[in-house]
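Take a moment with the sequence and the model, then read on for the contacts and the cores.

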Amino acid sequence: MNPADFDFVTSELKRRSGIVIGKDKLYLLDSRLSPLARKEGLASIEELISVVRTRRDERLMAQIVDAMTTNETFFFRDKTPFDHLEKVVFPELSKARPGQRIRILCAACSTGQEPYSIAMMLDQNPKLVGGAQVEIVAADISDRVLEKAKAGLYSQFEVQRGLPIRYLMSYFTQQGDLWKLSDSIKSKVSFRKMNLLEPMNALGSFDVVLCRNVLIYFDLQTKRDILNRLSKQMNDKSYLLLGAAETVVGVCDAFAASKDNRGLYEKGGDGRRSGIRAA
Ligand SMILES: C[S@@+](CC[C@H](N)C(=O)[O-])C[C@H]1O[C@@H](n2cnc3c(N)ncnc32)[C@H](O)[C@@H]1O
């Protein structure tokens, strides 16, 4: 790929999604855009980019952005955040606001394994939230992953990654080569398209926000802006969960890091470490 095409794609990608691709990741453009060029009946990535540039083809540009997103995810990914939900977040929220509805946002939900993991966990143990109603909103910038998430159809490989066998038996049925999630769990999650760079006010306010394994793709200013805007969508007593390689420390002081629970943050506290503990 010539330098002008590289600069064009990476600057459009950053402007539209926040994702930063350095020169050392040139191979990512090749591996992700070649299939798109082929699908569009174009001879090469160069031709794909030329079509986008000369025709100002917004549909194709949106597909380039979609193709450049990294959608790696799996059920109960990293386990620890789900332990935090079970042992700290849900007990604390139930204590602070007994019986009140709990709203959860999975920002950057990819193909749905994260929100569905929470829905299955709560279905197994409704006492975790003291019987309160729970609403799970899951969002992503990519139409492609949202389609798959809504379908709730997963491959053998996908259900073997992180999903306890008893959950597979309780909530999935085999459909050809795939596993279909039950309608009752699917109905507990509502999916919507959302770009983290854009206003989030329409989503309302949340008690729990998971924003995991997406901030790593952004530069510092973008992370700060997203975390600040997310904090404005969060209720006074509310919790943020980030991915294992992400932190608010030195980025945004709207949250306090939990002393004992890595990756868990409480809204408020001027960035000081919070004393929230496991129940
Ligand atoms: C690696 S996945 C993380 C999925 C899940 N949260 C997890 O931890 O398993 C990152 C997701 O972020 C989404 N994403 C990237 N940029 C985004 C943006 N600006 N707004 C919303 N979602 C974005 C991608 O489409 C992708 O599905």
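A polar contact here is a pair of N or O atoms within 3.5 Å. In this predicted model, a polar side-chain atom of E114 lies 3.3 Å from a nitrogen atom of the ligand.

**Ligand surroundings**
- There are 21 residues around the ligand, and S17, T73, A108, D140 and N213 come nearest.
- S17 places a backbone N or O atom 2.8 Å from a nitrogen atom of the ligand.
- N71 uses its side chain: one of its N or O atoms is 3.0 Å from an oxygen atom of the ligand.
- On its own the ligand has 610 Å² of accessible area, and the protein covers 99% of it.

**Nonpolar cores**
- The largest nonpolar core has 51 residues, and L33, I64, C211, L227, L240 and F255 have the most contacts inside it.
- Leaving out residues up to four places away in sequence, L227 touches L215, L240, L242, T247, V248, V251, C252 and F255.
- Another core, of 42 residues, lies apart from the largest one and includes F90, L93, C109 and L168.

**A loop residue**
- D24 sits in the loop between helix 1 (3-17) and helix 2 (26-39).
- With a relative accessible area of 59%, D24 is exposed, as the cut-off for that is over 50%.

How values were computed. Residues numbered from 1 in each chain as written. Predicted model: local features only at pLDDT ≥ 70, side-chain atom pairs only at ≥ 80, totals over all residues. Heavy atoms only, no water. Core = buried A, V, L, I, M, F, W, Y, C linked by side-chain atoms within 4.5 Å. Buried < 20%, exposed > 50% of the residue type's maximum accessible area, 1.4 Å probe, protein only. Contact = heavy atoms within 4.5 Å. Helix = DSSP H or I, 4+ residues; strand = E, 2+ residues; numbered from the N terminus. Near = heavy atom within 4 Å. Polar contact = N/O pair within 3.5 Å; in protein donor to acceptor, adjacent residues only side chain to side chain. Areas by Shrake-Rupley, 256 points an atom, 1.4 Å probe, with all protein chains shown as cover.
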